[in-house]
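Below is a briefing on selected local features of one structure. Please read it beside the sequence and the coordinates.

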Amino acid sequence: MATADDNQSDTEFSPAVSLEALEETGRELVSIDGTPLAIFAHEGEVKAVNNRCPHMGFPLVEGTVDDGILTCHWHHARFELSCGDTFDPWADDVQTYPVEIRDGTVYVNPNPERDLPPAEHWATRLETALEENLRLVAAKSAIGLLDAGVEPEEPIGTTIAFGTQYRESGWGSGLTILGCMTNLLDDVDPEDRKRALYTGMRHVADDCAGEPPSFDQPAFDTTEVTFSRLKSWFRDCVEVRDADGAERCLRTAVAADYSAAEIAELVVAGATDHPYLSNGHVLDFANKAFESLEETDWEHAETTLAALVEPLVTAARSDERSSWRQPIDLVALLEDTYGGNVTETSGLESLAAASGKTDTDEPWTPPADLQETLLGDDPEAIVDALAEAIRQGATTEDLSAEVASAAATRVAQFGTANEFSDWNTVHHTFSYANAVHQFARRTDAVETYRGVFDGALSVYLDRFLNTPPAPIPTPGENDTGRDPDAVRQGVLETFDAEGEVNEAGRLVAEFFDCGGDPADLRQTLGHGLLREDAGFHTLQNVEAAFRQAELATDEREQRQRVPLIATARYLAAHFPTRREAEQTYTIAARLNRGEAIHEAAKSN
Ligand code: FES
């Protein structure tokens, strides 16, 4: 017969049920201090477990006990009855409780000491969630960790380490989503921070499921290699798709303690030696890898950045795509500007040198017609305008912001009569342009100009998707005087029905016109995003839009509005979904809070 732990005082135990009654029925459901307990008489012993199945809350008192195993009847999870450990990791372990028999009555301690403090327990469960690709356990872990006061950087670091180690094909959509979710943490409300973490974790787990692990190519034994030589070797290896060589160069550059800006230069060089790699995904992945390190710890740079090598060396190169060659040879335009070849930079260096600009000079300001040119249908004029801007002293950051703005406009003006899949086309360009912009803020590498030109020509290639352009409301056009909170609620409601794309954009404009705070709007859009089964591109789109809106200066308010109008339209086009992930999240939250889900226990 199980007895109470010697250290536990009598006062911790409460009477639960008479032993005679229990032995007659074999099981009893009682509630002590609000805790629902399933108490079993089995093989001459008494055992108590939490009545809520840790999987989805089914009453375990209705389960089967046989041969020391308790089986839940809903999805048939099995638990070792005396300790509560599960045979089925997707279900989680069930809490057990010490029991004591006194004078024919079963006493139970409903508040035993936990084996592990909550932070440690949920950190361990997160590892299981990642290893076994368990969505419910991921949700419970995200909620449990943040409720335990753990800083999100910790589980994010664990998830990045898992994602980079257990995916031979390297950095993919899962880790990119995790990076997007990390960036959204400051934009959303506290409950949605948990949803964001859960979203990132489950996508990384899903991305790694069934994948072979990655085996490292270590850094060279020597770190006595100049940066320029390592950069040149790295580019050469990427050029011939030599993953092992490229990884050793990249790891050596990190091991040699070259600065984060220098490592960013090396990566952006490799990622722009050919235009618009894999529809922009490669540079976008690289940007997210750097952002993840900036949010967590540069200490993990070697492993994290090594995961970029595989997507780099396997990338589709847009100079090999017919759309970049015909009817106008866009690649030839780039080659002329870069210095004779897409891998060159000498032409760009000459343009920058011609400006003679110094740090004390006035910042470059864009010509009034630059956006019109970028959104026009003359690729030569686009390339000339960008080249002239460099000659006039425009930095990579200046020009990447201009191209990102044009790319956001393409999304904001996307015509709903287009094929639905073309939302991805304009999204890819926008996401890429945002990544170039972010790289320009971390390194002044001349290669970043190539990202600017490549992005601008992708904006050009997307021009027919704005035919006719959906109108972007001008500031003041929707000043209805309504309460901005009511307007943003209206934005959320457009995601509940189909066909509300243009209304979503209009409401965002109205929100601004009515004096709403962009931070409130971001919170609402973030909530709208995280309650849906949003896909990779949708998650990327919102995060990029938030970053671009934030980077826009106050003097150019339309620059803040357009990315948010664009992403609200994008969301409205893709929502509503079945909200299955949210259903799992809701169950996890209720289970973690100890809420009754199915049973009605007798209260003692
Ligand atoms: S196995 Fe018990 S609720 Fe699913």
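The model is predicted, with local features needing pLDDT of at least 70 and side-chain atom pairs counting only at pLDDT 80 or more, while totals for chains, interfaces and linings use all residues. Residues are numbered from 1 along each chain as its sequence is written, and side-chain values use heavy atoms, with hydrogens and water left out.

**Strands**

- Helices (H or I, at least four residues) and strands (E, at least two) are DSSP runs, numbered from the N terminus; two strands pair if DSSP finds at least two bridges between them.
- An open sheet of 3 strands is ordered β5-β6-β7, and its pairing is antiparallel.
- Its edge strands, β5 (64-66) and β7 (78-80), each pair on one side only.
- From one strand to the next, the twist averages 25°.
- The antiparallel pairing of β6 (residues 69-71) with β7 runs over 3 bridges, and Ile69 has Glu80 in β7 as its bridge partner.
- Strands β9 (residues 99-102) and β10 (residues 105-108) run antiparallel and are joined by 4 bridges.
- Opposite Arg102 stands Thr105 in β10.
- The hairpin of β9 and β10 has 2 residues between the strands, and Asp103 takes a positive phi near 50° there.

**Helix pair**

- Helices α2 (residues 118-132) and α3 (residues 135-147) pack with their axes 8 Å apart, at an angle of about 155°.
- Axes are lines fitted to C-alpha atoms, for helices over the stretch in contact, and angles run from 0 to 180 degrees between N-to-C directions.
- α2 and α3 are therefore roughly antiparallel to each other (angles over 145 degrees count as such).
- Their crossing is left-handed (the near helix is turned anticlockwise from the far one by less than a right angle).

**Cavities**

- The whole structure holds 2 cavities of 30 Å³ or more.
- On a 1 Å grid over the protein atoms alone, a cavity is a set of points where a 1.4 Å probe fits but cannot get out, and lining residues have an atom within 4 Å of a point.
- Grid points are joined across faces, edges and corners, and a volume is the space filled by probe spheres set on the points.
- The largest cavity has about 40 Å³ of space; its lining includes Val238, Asp273, His274 and Arg317.
- That lining divides into 4 nonpolar, 2 polar and 2 charged residues (Ala, Val, Leu, Ile, Met, Phe, Trp, Tyr, Cys and Pro count as nonpolar, Asp, Glu, Lys and Arg as charged, and the others, Gly among them, as polar).
- The second largest cavity has about 30 Å³ of space, and α6 (190-208) and α22 (518-530) each supply at least two residues of its lining.

Key
On a 1 Å grid over the protein atoms alone, a cavity is a set of points where a 1.4 Å probe fits but cannot get out, and a pocket is an open set with protein on both sides within 12 Å along at least five of seven lines; lining residues have an atom within 4 Å of a point. Angles under 35 degrees count as roughly parallel, over 145 as roughly antiparallel, 65 to 115 as roughly perpendicular and the rest as oblique.
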